[in-house]
Amino acid sequence: MLSSGFSNASVSKFLVIYFVASSIGLAVFDAKHLAHIQVNPHLWRYGQISRVLLWQAAGYANSTETLFAAILAYHLRVVERMWGSRKFATFIITAFSYTTILTPILLALIIRPLSLNKLNYLPSGPTATIFALLAQYHAAVPHTFRYQISTTNNNKPSLTLLLSDKSTTYLIAAQLALSQFPTTLLPAAIGWAVGTAWRADFLPSSSPSPRRGAGGRGGWRIPAWLVGEKETRRHESGSRADGERYEDLRQRLEGESRAAAAAATASSTASNGTYVQRQRRPLIERFRGVF
């Protein structure tokens, strides 16, 4: 049965609330001018390095981007249900850290010089982090169904689009990436690249990717109590393993398998012993008179 709302998706619920609350806070306190980055004069002339650390955390400066970001966070909650809240929150923090630093550096050192100083602006808001999460949604979540939209010209199909149930999510993401064209394209592209690199194990000291466990090289996770979970640890063959949500179920199934195997072995041994006794009895009776 599909879970509705934010069931088993507490981190996604927090993201939606944070996107809306931060946007309202920027408007109420009239702080929208403090959230974005202009390489010149904010960085080169005034040295406002704090903007590099706050441009994503400050939230969105307009309601349109806030709406698209909140809808995307709601759609992407399925990733949290697949991974669990702890791994999901760890990835959010990892992607946020990389994209927060990489985006303004690439804008200031590469994009701006190549554009002859025309691209000088970086809007506020966690667009890069959302697109890093969208890359995981694209790779890990399969589509449920597909459908076609066709146009006809003189009763002949002229244009056919093959879509799926995930197409609406990508459409909303495209609207977010193009909301302040072309400045929002850079954080969207960097976020997607960071999400892809994380999945391919290219990022050092990153959270556990699908190809390595929690004890793998460079793997780390946030404390379980931050997302309302209990810390679980187990050892296998002298090394620490994952300790995931289904550990109790796995142990119970293994115990039942061992018990069934032991019962089958005992039954087989007992039947073989009875058969041997039945074969030996005539021999004993045959040689009883000799001795």
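This is a predicted model: local features need pLDDT of at least 70, side-chain atom pairs count only at pLDDT 80 or more; totals for chains, interfaces and linings use all residues.
An unreviewed UniProt entry lists residues 12-31, 52-76 and 88-111 under "transmembrane region". Residues 52-76 come out at 64% helix and 0% strand, and here the end C-alpha atoms sit 26 Å apart.

On to helix packing. Two packed helices are described by the angle between their axes and the distance between the axes. For α1 and α6, the axes come within 8 Å and cross at roughly 40°. An angle under 35 degrees would count as roughly parallel, so α1 is oblique to α6. By class, this contact brings together five nonpolar, three polar and no charged residues. On the α1 side the residues are Ser 10, Val 11, Ser 12 and Leu 15, and they meet Ser 85, Phe 88, Ala 89 and Ile 92 of α6.

Phe 88 turns up again in the largest nonpolar core, a set of 47 residues. Along with Val 79, Phe 91, Ile 130, Phe 131, Leu 133 and Leu 176, Phe 88 touches the most other members.

Phe 181 and Pro 182 are joined by a cis peptide bond, with omega at about 0°. Pro 182 belongs to the loop between α8 and α9.

Two asparagines have positive phi values. In Asn 8, a residue other than glycine, phi is near 60°. Asn 8 lies in the segment before α1. Is its side of the story buried or exposed? With a relative accessibility of 57%, Asn 8 is over the 50% cut-off and therefore counts as exposed. Asn 117 is not a glycine either, yet has a positive phi of about 65°. This residue is found in the loop between α6 and β2 (121-122). The relative accessible area of Asn 117 is 45%, so Asn 117 is partly exposed.

Note on methods. Residues are numbered from 1 along each chain as its sequence is written. Side-chain values use heavy atoms; hydrogens and water are left out. A nonpolar core is a set of buried Ala, Val, Leu, Ile, Met, Phe, Trp, Tyr and Cys residues joined through side-chain atoms within 4.5 Å. Buried means under 20% relative accessible area, exposed over 50%, partly exposed in between (1.4 Å probe, protein chains only). Helices (H or I, at least four residues) and strands (E, at least two) are DSSP runs, numbered from the N terminus. UniProt positions are given in the numbering used here, feature names are shortened, and annotations may be inferred rather than shown by experiment. Axes are lines fitted to C-alpha atoms, for helices over the stretch in contact, and angles run from 0 to 180 degrees between N-to-C directions. Angles under 35 degrees count as roughly parallel, over 145 as roughly antiparallel, 65 to 115 as roughly perpendicular and the rest as oblique. Contact means heavy atoms within 4.5 Å. Ala, Val, Leu, Ile, Met, Phe, Trp, Tyr, Cys and Pro count as nonpolar, Asp, Glu, Lys and Arg as charged, and the others, Gly among them, as polar.
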